[in-house]
Amino acid sequence: GDLPAGVVTHDFSAAYNFSPDTSGYAHGAACSEIAYDMAPGATVHLYAWSTEAEFGNAVNNYIGVAGKKVATMSVSFVNAGPYDGTGSINTIVDNAQTAGILWANSAGNYQKQHWSGTAAASSDGESVAFGTGNIEGIGPTSGSLWNVSSGTSLRIFLEWNDWNAARTGNQNHIDYDVELYRWTGTTWTYIPGAAADQCGTTTAPVESLSYTVPSGGPYSYGIAIWRYQVTGTCTNNFGHWLNLFTFNGFRQTGSGAVNAFWYVNECNSVTIPADGSSAVTTGATYHGEDTLSPLYGLETFTSQGPRNAFGGGNPGTTVNKPDVVAPDGVNTVTYGVNTGNYASATVTGFFGTSSSAPHVAGLAASVWE
């Protein structure tokens with residue numbers, strides 16, 4: 001409802017057809033809205049895609065469009081590479097930048113939904129230590145757990161630094177598994193998790209699990225990371241840099257985004273391709289920041305750098321991200337009128353780094369014009 005009649009649509013998705021109805025696609029519609037509001041004289045090209053191959057084809061098409069071009073994408077990939085700026089998704093964005101396209105990408109909203117660190121053995125000798133035990137609770141602080149409602153899909157992602165040079169699989173057959181547990185009130189009950197075979201195959205060094213909370217809830221959960229240990233080619237003696245993400249976020253009035261895990265690493269939480277050198281990685285600040293006292297600052301969910309060291313290791317002093325910040329919490333036709341910052345009792349408007357990235361792209365287009 002807020003885009004010009006001259007929008008050019010490109011459908012590279014086998015699963016989607018453009019139509020005036022944006023039901024279920026509010027996110028993309030709102031991003032387009034902001035980019036156009038920032039650069040109302042620009043020609044807007046909208047691309048639909050689902051798979052990595054479709055994404056690559058869409059970008060190649062845009063490279064062939066004549067004129068000065070900017071792109072905005074508010075998509076975060078996890079487990080698609082070592083979070084070091086390399087991998088197939090980053091290569092696609094690199095090609096766009098090489099062709100002269102300024103690429104603004106959302107940093108991700110995972111500051112409170114991420115942990116990274118060097119794998120150390122817990123007291124059992126077979127699982128990764130979290131605090132004094134081996135459970136990474138899904139909760140705001142150690143010993144306190146979130147009540148997760150029935151029907152909720154818990155989505156957990158693990159990655160470690162054992163990528164091959166092509167970023168298509170593992171190099172040294174290091175194998176970790178991520179398992180889900182439910183707290184009964186007195187003990188942890190095991191629920192089958194994710195246990196792909198990195199030992200005997202070239203499977204990438206990642207694990208992911210998706211679990212729908214059953215009826216009768218709410219229930220509380222935690223996860224554990226176990227090594228798969230055998231002699232010979234599959235020896236795993238810990239010591240690897242791990243990245244753990246969840247797509248399940250939590251918000252509290254007065255605080256905004258709060259911890260999804262007992263143990264979080266707010267830094268090093270930038271996602272793919274926001275970790276890449278070719279992306280103008282965009283964090284989020286509330287658009288009414290200068291009206292607040294005390295100042296609100298960076299949105300509490302904004303993913304932060306630095307990105308991993310080359311190969312996926314401990315980032316140390318490597319490239320920091322995000323590159324810039326831009327407004328969020330803005331009014332859109334799609335999401336409605338903003339009523340306050342993310343810590344407010346009622347949150348409406350378009351929040352997230354997804355909202356910030358199209359501001360940057362639209363501004364760049366206007367300046368370039």
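Mentor: This is a predicted model. In it, C199 and C234 form a disulfide, with their sulfur atoms 1.8 Å apart.

Trainee: What makes C199 and C234 a disulfide?
Mentor: The cut-off is a pair of cysteine sulfur atoms within 2.5 Å. The sulfur atoms of C199 and C234 are 1.8 Å apart, so the pair meets the criterion for a disulfide. A search of the whole structure finds 1 disulfide.

Trainee: Why is the disulfide called right-handed?
Mentor: The torsion about the S-S bond of C199 and C234 is about 100°, so the disulfide is right-handed.

Trainee: Are C199 and C234 buried or exposed?
Mentor: Both are buried.

Trainee: What makes β8 and β11 a pair of strands?
Mentor: Pairing requires at least two bridges. Strand β8 (residues 176-183) and strand β11 (residues 220-227) have 8 bridges, in the antiparallel sense. One of the contacts joins W183 to its bridge partner in β11, S220.

Trainee: In what order do the strands of the open sheet run, and why are β6 and β9 said to stand at the edges?
Mentor: The 4 strands follow the order β6-β11-β8-β9, with antiparallel pairing. β6 (136-137) and β9 (188-194) each have a single partner strand, so one side of each has no neighbour in the sheet.

Trainee: Which residues touch the most other members of the largest nonpolar core?
Mentor: Y176, Y221 and L242 do, in a core of 31 residues. β7 (153-160), β8, β9, β10 (206-212), β11 and β12 (241-246) each supply at least two of its residues. β7 gives the most, with 4 residues. A second, separate core has 20 residues, including F55, V59, I89 and A279.

Trainee: How much space lies in the second largest pocket, and which residues are closest to its centre?
Mentor: About 330 Å³. There are 22 lining residues, and N109, Y110, Q113, F301 and Y342 are the closest to the centre. By class, the lining has 9 nonpolar, 11 polar and 2 charged residues.

How values were computed: Residues numbered from 1 in each chain as written. Predicted model: local features only at pLDDT ≥ 70, side-chain atom pairs only at ≥ 80, totals over all residues. Heavy atoms only, no water. 1 Å grid on protein atoms, 1.4 Å probe; cavity = no way out; pocket = protein on both sides within 12 Å on 5 of 7 lines; lining within 4 Å. Points joined across faces, edges and corners; volume = space filled by probe spheres on them. Nonpolar A, V, L, I, M, F, W, Y, C, P; charged D, E, K, R; others polar. Core = buried A, V, L, I, M, F, W, Y, C linked by side-chain atoms within 4.5 Å. Buried < 20%, exposed > 50% of the residue type's maximum accessible area, 1.4 Å probe, protein only.
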